[in-house]
Amino acid sequence: GRLIDHVQIVASDLEATKRFYKAVFEALEIPMGGEGPEFFWCDELFVSSTRLDPRNAPAPIGPMHLAFQARDRAMVERFHKAGLAAGATDDGAPGERAHYHPGYYAAFLIDPDGNY
């Protein structure tokens, strides 16, 4: 079985956040699951506005650290490029991070709500 069924994050600007995640998920070849007026989801990530549930007001929850798997280095590079083009902030260009483990190749972005 799975350890986590899904993760929900709350976006202060749902459209900006949707633009970012659609771009990086397309680069990672992960299809969007669906969307409504105050939410969208993809795989096990559910993103909502603060208006969807009053328990989330007045501010989004975060920042959170989210890590996505990529098939190869080229996919990591596409993820990073797509995220920057969709309004993310660079938090580490694609490269090997041997301090995590040998061969660990990653890129880091900060989404519109400060999640990294």
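**View 1. Tyr 21 and Phe 25 sit one turn apart in helix α1.** Both residues lie in helix α1, four residues apart, which is about one turn of the helix. Helices (H or I, at least four residues) and strands (E, at least two) are DSSP runs, numbered from the N terminus. This is a predicted model, where local features need pLDDT of at least 70 and side-chain atom pairs count only at pLDDT 80 or more, while totals for chains, interfaces and linings use all residues. Residues are numbered from 1 along each chain as its sequence is written, and side-chain values use heavy atoms, with hydrogens and water left out. Tyr 21 is buried, and so is Phe 25; buried means under 20% relative accessible area, exposed over 50%, and partly exposed in between (1.4 Å probe, protein chains only).

**View 2. Aromatic rings pair up.** A pair of aromatic rings is described by the distance of the centres and the angle of the planes. Rings of Phe, Tyr and Trp (its six-membered ring) pair if their centres lie within 6.5 Å; planes under 30 degrees apart count as stacked, over 60 as edge-to-face and the rest as tilted. By this rule the count comes to seven aromatic pairs. Tyr 21 and Phe 25 make a tilted pair, 5.6 Å centre to centre with 40° between the planes. Phe 39 and Phe 46 are stacked, at 5.6 Å centre to centre and 20° between the planes. One aromatic cluster is formed by Phe 20, Tyr 21, Phe 25, Phe 40 and Phe 68.

**View 3. Tyr 21 and its contacts.** Contact means heavy atoms within 4.5 Å. Leaving aside neighbours within four places in sequence, Tyr 21 is in contact with Ile 9, Phe 40, Leu 45, Leu 66, Phe 68, Asp 111 and Asn 115.

**View 4. Helices α1 and α2 cross.** The axes of α1 and α2 come within 8 Å and cross at roughly 160°. Axes are lines fitted to C-alpha atoms, for helices over the stretch in contact, and angles run from 0 to 180 degrees between N-to-C directions. On the α1 side, the contact is made by Phe 20, Ala 23, Val 24 and Ala 27, and on the α2 side by Met 75, Arg 78, Phe 79, Ala 82 and Gly 83.
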